[in-house]
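Thanks for coming. Please have the sequence and the model open.

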2 protein chains.
Amino acid sequence: MADLSPEARAALCDAAGPDGWSADADTIAPRLTEWRGRTLGHSGLLLRPQGVAAVQAIVRAAVAHRVAIVPQGGRTGLVGGALPVPGRASVLLSTERLARIRAVDADGLTLVAEAGVVLDAVHAAAAAAGLRFPLSLAARGSATVGGLVSTNAGGVQVLRHGTMRARVLGLEAVLPDGTLLDQLGPLAKDNTGLDIKQLLIGAEGTLGIVTAAALALAPVPPERIVAWAGVDSPAAALMLLAALRGAVGEQIESFELLPGDAAAMVARHVPGHRDPLPGVPRAVLIEVAGTGIAPGLEAALAAHAPDSVVATSEAQAAALWAIREALPEAEKREGAAVKHDISLPVAAVPAFVARVGAEVETSFAGARVFAFGHLGDGNLHYNVFAPPGGGSAWVEAHGPAVTRLVHDRVVAMHGSISAEHGIGAFKADELARLGDPGKLAAARAIKRALDPLDIMNPGKLAL
Amino acid sequence: MADLSPEARAALCDAAGPDGWSADADTIAPRLTEWRGRTLGHSGLLLRPQGVAAVQAIVRAAVAHRVAIVPQGGRTGLVGGALPVPGRASVLLSTERLARIRAVDADGLTLVAEAGVVLDAVHAAAAAAGLRFPLSLAARGSATVGGLVSTNAGGVQVLRHGTMRARVLGLEAVLPDGTLLDQLGPLAKDNTGLDIKQLLIGAEGTLGIVTAAALALAPVPPERIVAWAGVDSPAAALMLLAALRGAVGEQIESFELLPGDAAAMVARHVPGHRDPLPGVPRAVLIEVAGTGIAPGLEAALAAHAPDSVVATSEAQAAALWAIREALPEAEKREGAAVKHDISLPVAAVPAFVARVGAEVETSFAGARVFAFGHLGDGNLHYNVFAPPGGGSAWVEAHGPAVTRLVHDRVVAMHGSISAEHGIGAFKADELARLGDPGKLAAARAIKRALDPLDIMNPGKLAL
């Protein structure tokens with residue numbers, strides 16, 4: 001197994017500073033394993049730099065000694081993007097001591113946070129300034145700014161507020177040769193040459209280490225309404241979405257499509273939930289936020305989803321959202337499944353759900369498709385349950401074939417095989433198989449130009 | 001003067017096809033000159049490819065014969081980005097025959113347009129689908145999709161809808177080695193590796209030729225209100241903006257700060273205008289669009305800008321916007337000026353306007369600062385009139401020193417020396433002088449990796 005030379009170890013520890021490293025096996029072990037228990041490669045050293053200069057020193061030492069750097073934030077990713085890979089002497093670089101919120105500018109609606117700041121803390125700092133940071137996801141208690149930027153995180157408010165890319169106004173990062181990229185100015189408009197920071201957003205640490213970001217905040221909407229609507233089909237859900245857009249414009253915060261039995265499944269497996277609308281073919285969880293929104297929402301629901309529930313209190317609204325958030329946990333308890341994170345052109349979602357669902361369930365007898373997600377973005381978490389009794393052995397045996405079928409159909413319909421989770425290590429082969437060759441060739445040329453020794457998070461993104 | 005060899009000329013004409021080229025001097029001459037009459041280099045050949053395959057063939061021929069390609073769209077840019085530069089054998093590539101709108105998807109709120117489609121035509125196609133494309137600028141009758149993407153165009157709706165980058169969901173381009181980048185899928189979420197298309201947005205043609213884009217449309221807002229408000233200072237304008245945000249959330253479409261005498265200047269020089277609010281220290285042109293907006297706008301104006309005019313008809317709204325749009329023309333007639341297109345962190349705008357205005361007018365006796373622009377984005381068109389009688393000779397003599405002072409102060413306050421116009425050829429020296437060294441080095445490394453022969457629009461962006 002590739003490991004660090006004593007010289008490399010000494011140089012890296014020196015760069016990280018006296019309190020900046022750990023070689024303790026118990027500390028490191030959980031950092032080599034992702035949430036499903038998978039491990040890929042090894043590392044015997046964890047660095048915890050405090051400050052950007054220490055990150056630069058570490059990168060320079062890694063270059064000098066040909067050591068791979070694996071950046072780690074909250075380690076909430078789902079694609080093995082924060083794991084070292086076999087065959088490379090690797091060091092883990094945790095951003096946990098880059099944890100300062102450097103500035104909050106309420107006039108400019110911006111906040112500058114270091115890479116290790118947890119999303120919850122960003123929300124709290126925005127709220128303290130009478131504003132909000134409109135990007136959220138279930139892992140908000142551990143996911144960090146650096147990871148959110150590096151994976152271009154999505155979540156439930158993308159429909160209105162965009163992915164992390166849309167929320168990043170400025171970026172500070174250490175590039176693979178140790179130079180500092182200083183694009184931290186929180187400017188809405190800045191057309192001064194190739195926008196290098198855009199390349200780092202979603203690069204999963206392969207082009208450098210994000211050390212801080214200037215984030216765009218938003219005003220707190222005066223009103224907010226949450227509803228749970230029953231519809232006959234994904235196509236009917238799209239009609240509801242169009243009607244809602246006509247009525248309240250861009251004030252639709254979330255529009256989540258769920259199987260009709262999703263809430264029942266949550267109620268079955270997770271205590272404290274009940275199905276707000278039993279027996280509907282499909283459900284949509286809607287949040288609208290802004291001004292003058294109630295009449296438009298009510299009219300759209302009356303016309304397109306008469307079977308619906310509008311929350312009349314914050315507690316009811318929270319209960320509806322809690323169902324959505326408990327879904328992954330309920331799914332896990334329901335049984336083993338092959339999971340996908342896909343996106344499609346929005347208008348193609350109904351056809352995809354109908355056709356590919358039938359094809360999967362025909363091709364894999366007894367398997368059951370369970371698809372839910374952010375319909376407004378065309379993003380589905382498209383999961384396929386093993387046949388009764390199949391369990392994880394079935395998933396192990398048939399998973400790759402299921403995935404190949406799903407991904408092939410996605411690509412044929414001009415969709416994406418990774419909407420929001422990224423590629424990391426686990427999906428690199430599928431990206432190499434299905435990615436646009438022109439895009440892959442350009443990406444590899446850029447990687448070679450900026451990181452010729454492949455120091456930064458190797459084995460990710462099919463680079 | 002560098003010119004094409006007969007072999008190069010033959011290969012390029014062949015690649016462009018029988019109707020795809022012109023060597024007519026009268027046709028080419030205006031394409032070598034920008035709107036202020038400046039010329040840099042020369043070209044004797046204009047190519048007009050029809051279709052992406054022809055663009056690829058041209059790029060391959062250019063690589064084989066070491067010919068520089070200068071892409072041209074509507075040629076409405078202000079920084080010489082579409083001019084050939086001296087010392088290189090160059091060919092002009094016009095996108096005028098890539099002029100098809102390939103698809104409009106009203107459900108998905110997307111439209112796919114080829115590079116040569118004019119912005120007006122995008123607006124019309126969106127309107128025909130009951131939607132809108134919320135990016136506009138004065139040159140909308142000639143500016144093309146390819147140019148808008150390549151310059152990451154801004155305009156008067158960035159506050160709410162972002163720059164062109166935020167409106168581009170997908171991109172098709174020919175890279176500098178002739179390979180096709182096919183990222184045209186109109187997906188709101190797509191995290192599949194380095195997002196190469198982001199690098200082409202704002203690259204001013206230096207990394208390839210944009211051939212088509214998938215653009216994000218938006219619903220037509222149910223209501224729209226336009227107002228002209230008098231305020232005491234930029235700081236007071238920011239207070240009005242904050243109050244308005246609190247009242248109507250993100251439904252503020254435009255928030256344009258103008259000198260108090262701007263409308264009077266327009267009325268003086270351009271027929272058909274009158275000053276809606278004579279004698280105010282500063283004016284703000286506001287557009288709010290959405291639902292339930294009137295009470296919030298009225299309350300914010302009553303509290304922070306009691307001296308204001310709200311348009312009560314479409315004609316009145318149009319008249320207010322016409323003043324804003326006539327401003328560049330009025331400025332030109334008012335006298336010679338040194339012009340800048342800067343952005344600052346929003347909260348820094350009042351201090352910049354006060355301090356730097358005084359410094360410029362003290363350092364250059366008789367000069368007068370005239371700054372207006374998109375306050376909500378921190379973007380000012382910061383122009384300095386020559387002293388009375390100075391004229392363009394003064395601008396010629398003192399322009400560089402004025403610009404150096406303004407740009408130095410911008411950079412010191414973490415602003416940008418090009419907010420929306422880009423760098424092109426004219427600002428390349430200033431970018432080289434003031435740009436972040438880490439960003440410039442990375443940009444140059446990427447340019448060398450993707451375009452080692454410097455075929456694509458050389459002499460731009462300080463690459």
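Leaving aside neighbours within four places in sequence, B:Val210 is in contact with B:Ala115, B:Gly146, B:Val149, B:Ser150, B:Leu171, B:Glu172 and B:Ala173, where contact means heavy atoms within 4.5 Å. B:Val210 lies in strand 10 of chain B, residues 209–216. Helices (H or I, at least four residues) and strands (E, at least two) are DSSP runs, numbered from the N terminus. The relative accessible area of B:Val210 is 4%, so this residue is buried. Buried means under 20% relative accessible area, exposed means over 50%, and partly exposed is in between, with a 1.4 Å probe and protein chains only. One of those contacts, B:Gly146, is 64 residues away along the chain, yet the two C-alpha atoms are separated by 5.6 Å.

Some ground rules. This is a predicted model, in which local features need pLDDT of at least 70 and side-chain atom pairs count only at pLDDT 80 or more, while totals for chains, interfaces and linings use all residues. Residues are numbered from 1 along each chain as its sequence is written, chains are lettered from A and ligands numbered from 1 in the order in which they are written, and side-chain values use heavy atoms, with hydrogens and water left out.

A second residue of chain B is B:Val67, in the loop between helix 3 (52–65) and strand 3 (68–72). Is B:Val67 buried or exposed? B:Val67 is buried, at a relative accessible area of 1%. Not counting residues up to four places away in sequence, B:Val67 touches several residues, including B:Leu4, B:Leu12, B:Arg88 and B:Ile455. B:Leu12 is 55 residues from B:Val67 in sequence, and 9.3 Å from it in space, C-alpha to C-alpha.

Now the two chains together. A rotation of 180 degrees with 0.0 Å of shift along its axis superposes chain B on chain A, with an RMSD of 0.0 Å. That is the relation of a two-fold axis. Copies are superposed by least squares on the C-alpha atoms of residues with pLDDT of at least 70 in both. In chain B, the C-alpha nearest the axis belongs to B:Gly292, 2.1 Å from it. Both copies use the same surface, and 100% of the contact residues of chain B recur in chain A.

How many residues does the contact take from each chain? There are 78 from chain B and 78 from chain A. About 6000 Å² is buried between the chains, 61% of it on carbon and sulfur atoms. Buried area is the accessible area (1.4 Å probe) that two parts lose on being put together, summed over both. In chain B, B:Lys189, B:Asn191 and B:Leu194 lose the most area to chain A, together 16% of what that side buries.

Between chain B and chain A there are 10 salt bridges, a salt bridge being a side-chain nitrogen of Lys or Arg within 4 Å of a carboxyl oxygen of Asp or Glu. One of them joins the side chains of B:Arg132 and A:Glu250, at 4.0 Å, N to O.

A:Ser416 sits in the loop between helix 14 (391–412) and helix 15 (428–434) of chain A, and is buried at 3% relative accessible area. The side chain of A:Ser416 meets that of B:Asp190 in a polar contact of 2.6 Å. A polar atom of the A:Ser416 side chain also lies 2.9 Å from the backbone oxygen of A:Ser418. A:Asp195, in the loop between strand 9 (180–183) and helix 8 (196–200) of chain A, counts as buried at 8% relative accessibility. Its side chain makes polar contacts with the side chains of A:Gln183, at 3.1 Å, and B:Arg165, at 3.5 Å.

Last, a salt bridge inside one chain. A:Arg268 pairs with A:Glu334, the closest N and O atoms being 3.0 Å apart. A:Arg268 lies in helix 10 (262–269) and A:Glu334 in helix 12 (314–334) of chain A, so the pair ties together parts 66 residues apart in sequence.

Key:
A polar contact is a pair of N or O atoms within 3.5 Å; within protein, one must be able to donate a hydrogen and the other to accept it, and residues adjacent in sequence count only if both atoms are side-chain atoms.
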